[in-house]
Amino acid sequence: MNFDEVLNKRVSGRKFDLKNVEDSILEEITNAAKKAPIGRNQYKNYRITVITRRDFIKAIEGEFEEKFSAKNALYNAPVFIVVSCDSKVESTIKYEDTACIIENMHLKATDLGLSSCYIRGLVHSLGKDGEYIKLLKLDEGYIPVSGLVLGYPDSKNEVAKKHEIKINYIK
């Protein structure tokens, strides 16, 4: 798929087939993450955790549901990728960098025929003290910032909506 096709096809998908995503595809997606622009070239401040254990994903959803009464927050996706940052990074740059990392993965997933959805609310709401964090095996001092769920779409009928953003040109 060429780049414009990827952009035109990209959609936040929330319905997934239960089929496992192959390790080679996950590697391609995480390689795309490593190519994201990071402020001041501080790649050392970020970690990516790929979760494919369904019991673990369900436990994260369960923790969120218990605290916030929100069901199916990870959309039954077979993969949840968490982007974490060194807690010493105090500026908002961690959110911008994480967004770049996730966008690269989102676009690569689309390119490979997968569906994906940016997950910010769950990660933010559970905060730096979420029980699931202990299971992520993060380096000391690292905290989750955002995530991405992905998998094969349960149908090929998802169509990208028309996205409109007003643009002003100053010449």
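Which residues does Thr30 touch, not counting residues up to four places away in sequence?

The model is predicted, so to speak of its basis: local features need pLDDT of at least 70, side-chain atom pairs count only at pLDDT 80 or more, and totals for chains, interfaces and linings use all residues. Residues are numbered from 1 along each chain as its sequence is written, and side-chain values use heavy atoms, with hydrogens and water left out.

To the opening question, then. Thr30 touches Ile48 and Val50, where contact means heavy atoms within 4.5 Å. Thr30 is found in helix α2; helices (H or I, at least four residues) and strands (E, at least two) are DSSP runs, numbered from the N terminus. With a relative accessible area of 16%, Thr30 is buried, the term meaning under 20%, against over 50% for exposed and partly exposed in between, with a 1.4 Å probe and protein chains only.

Let me turn to the helix itself. The axes of α2 (residues 23-33) and α4 (residues 93-111) come within 7 Å and cross at roughly 145°. Those axes are lines fitted to C-alpha atoms, for helices over the stretch in contact, and angles run from 0 to 180 degrees between N-to-C directions. From α2, Glu28, Ile29, Ala32 and Ala33 make the contact; from α4, Ile101, Asn104, Met105, Lys108 and Ala109 do. These residues divide into six nonpolar, one polar and two charged. Here Ala, Val, Leu, Ile, Met, Phe, Trp, Tyr, Cys and Pro count as nonpolar, Asp, Glu, Lys and Arg as charged, and the others, Gly among them, as polar.

Next, the strands. Strand β2 (residues 79-86) is mostly covered, eight of its eight residues being buried. Strand β1 (residues 46-51) runs antiparallel to β2, joined by six bridges; two strands pair if DSSP finds at least two bridges between them. In this pairing Tyr46 stands opposite Cys85 of β2. β2 also pairs with strand β4 (residues 142-151), again in the antiparallel sense, over eight bridges, and Asp86 stands opposite Tyr142 in β4.

Finally, the protein as a whole. There are five helices and four strands, in the order α-α-β-α-β-α-β-α-β from the N terminus on. Along its principal axes the C-alpha trace spans about 45 × 40 × 35 Å. Buried residues make up 41% of the 171 residues. Of the contacts with a separation of 6 or more, 83% are between residues 24 or more positions apart.
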